[in-house]
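Please walk through this structure with the text alongside.

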Amino acid sequence: MDNPIPQKLVILGSTGSVGSQTLDIVRAHPERLCVVGLGAGNNVKLLAEQISEFHPRFVYFQGDQTLAPPGDYKFTDMQEMATHSDVDIVVAASSGASGLPALLSAIKAGKIIALANKEALAMAGSIVMPLAKKHNAQIRPVDSEHCAIWQCLAGEKSIPSRIIITASGGPFRNYSQAELAEVSVEETLMHPSWKMGKKITVDCATLMNKGLEVIEAHWLFDMPFENIDVLVHTQSIIHSMVEFSDGAIKAQLGAPDMHLPIQYALSYPHRWDNHLTPPLDFSQISKLCFEQPDMTRFPCLKLAIEAGKEGGTCPAALCAADEVAVDMFLTERIKFGHIPLIVDAVLSRHCKIQNPSIDDILCTDAESRIIAKKIAQQEKLLCC
Ligand code: MG
């Protein structure tokens with residue numbers, strides 16, 4: 001039986017893609033979910049609409065506090081909101097490294113965390129996972145691939161022998177290296193199957209996203225990198241698979257839509273009706289296609305897996321370099337082909353700390369951002 005009391009949510013990153021879709025689910029299940037806090041970036045207009053509809057008790061946004069939308073709420077920071085005693089579930093959906101401090105605070109407060117921020121886990125998995133265990137904080141993956149793996153593992157007593165993460169391959173799967181170097185921002189943001197925020201959409205096109213997901217799977221499921229495969233599956237119907245030692249393979253299928261993984265992270269261990277995700281129509285699917293990823297044309301995938309295997313502060317340097325490079329690409333200061341060059345150069349200059357503290361990780365993040373910008377200047381990659 002479902003818990004009759006509404007579960008109280010804080011949504012960090014409420015105006016982003018995952019945040020907005022989380023609110024779709026709250027709207028569909030008002031008897032089960034209630035919004036206690038909303039944390040946003042700079043989209044004050046959308047935040048104001050969310051405040052007037054959901055009436056949260058706590059609000060945070062990055063911009064000028066004097067521009068705060070009207071409403072009967074307390075303006076607070078993300079950490080205070082994420083640790084409040086009246087909060088059951090923290091949806092960690094802010095993107096990039098900025099979400100890490102609030103995530104760590106929520107873990108220390110023993111909250112249930114619906115985790116959509118893959119960078120936090122990629123950067124600091126060696127700290128996040130033991131801390132979650134220590135404070136009995138449950139981390140529920142929202143990323144569709146990891147949610148698929150989690151669903152495949154439900155009820156299993158045996159550790160899987162292999163995890164197979166599927167990848168759409170992005171919009172440039174069939175482009176040559178020369179064509180890839182010159183793709184525009186507009187083309188990059190037109191993802192063939194998933195609707196997401198800008199940073200992750202660029203990461204999907206470079207396959208950096210898939211590399212980060214390999215690191216994420218390594219930490220979430222305690223799986224050696226050698227036992228995690230990436231398989232391109234352009235239709236995005238199989239969201240990932242798990243293989244067991246007896247040869248059985250379990251897959252989770254569904255339309256490419258984030259409402260289902262977000263909802264499962266909120267409804268677990270139950271399943272609720274979902275009218276937001278379109279049903280799969282097998283009469284429209286004649287075959288399922290798979291191919292191996294090309295790490296030569298998409299070097300970000302290889303760079304991410306190598307940084308993950310290297311461990312220590314390397315994934316933090318990778319994430320910081322990628323965030324800077326993607327931002328420079330989105331603002332048309334560098335070309336698409338420069339993204340892996342900058343990430344590679346930052347990683348090759350990085351002096352790894354093997355067992356980092358959170359301060360080491362945050363220092364690596366700050367330093368790697370500076371180095372990434374310097375490299376773009378020194379290598380004359382910046383467009384005028
Ligand atoms: Mg994903």
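**Strands, metal site and pocket**

S10 and strand S11 (residues 249–253) form an antiparallel pair held over five bridges. Strands here, like helices, are DSSP runs numbered from the N terminus (strands are E runs of at least two residues, helices H or I runs of at least four), and two strands count as paired if DSSP finds at least two bridges between them. The model is predicted, so local features need pLDDT of at least 70 and side-chain atom pairs count only at pLDDT 80 or more, while totals for chains, interfaces and linings use all residues. Residues are numbered from 1 along each chain as its sequence is written, and side-chain values use heavy atoms, with hydrogens and water left out.

Strand S10 (residues 238–243) has six of its six residues buried, so it is largely enclosed by the rest of the structure. Buried means under 20% relative accessible area, exposed means over 50%, and partly exposed lies in between (1.4 Å probe, protein chains only).

A separate set of seven strands forms an open sheet with parallel pairing, in the order S4-S3-S2-S1-S5-S6-S7. Strand S4 (74–75) and S7 are at its edges with a single partner strand each, so one side of each is left without a neighbour in the sheet. Further in, strand S1 (residues 7–12) runs parallel to strand S2 (residues 33–40), and six bridges join them. Leu12 stands opposite Gly39 in S2.

The next stop is the metal. The magnesium ion has as its protein donors Asp143 (OD), Glu145 (OE) and Glu213 (OE), which lie 2.1 to 2.2 Å from it. Donors are N, O and S atoms within 2.8 Å of the metal (3.2 Å for Na, K and Ca), and water is not among the atoms, so sites may look incomplete. Along the chain the donors follow the spacing D-x1-E-x67-E. Asp143 and Glu145 are both buried.

Ile228 is found in strand S9 (residues 228–232). With a relative accessible area of 8%, Ile228 is buried. Apart from its neighbours within four places in sequence, Ile228 is in contact with Ile163, Ile165, Val214, Ala217, His218 and Met223, where contact means heavy atoms within 4.5 Å.

How many disulfides does the structure hold? It holds zero, a disulfide being a pair of cysteine sulfur atoms within 2.5 Å. Cys152 is in no disulfide, and the nearest cysteine sulfur, that of Cys147, is 9.6 Å away. Cys152 counts as buried because its relative accessibility is 3%. The sulfur of Cys363 is 13 Å from the closest cysteine sulfur, in Cys351, which is too far for a bond. Cys363 counts as partly exposed, at 43% relative accessibility.

The second largest pocket has a volume of about 250 Å³. Its lining includes Met129, Lys133, Asn136, Trp150, Phe221 and Tyr268. Helix H5 (118–134) and strand S7 (139–141) each supply at least two lining residues, and H5 gives the most, with three. On a 1 Å grid over the protein atoms alone, a pocket is an open set of points where a 1.4 Å probe fits, with protein on both sides within 12 Å along at least five of seven lines; lining residues have an atom within 4 Å of a point. Grid points are joined across faces, edges and corners, and the volume is the space filled by probe spheres set on the points.

Some backbone details remain. Asn136, one of the lining residues, is in the loop between H5 and S7. Its phi is near 60°, a positive value in a residue other than glycine, and Asn136 counts as exposed at 68% relative accessibility. Asp222, in the loop between helix H10 (208–220) and S9, has a positive phi of about 50° although it is not a glycine. Tyr268, also in the lining, is joined to Pro269 by a cis peptide bond with omega near 5°. Pro269 is found in the loop between helix H11 (259–267) and helix H12 (299–310).
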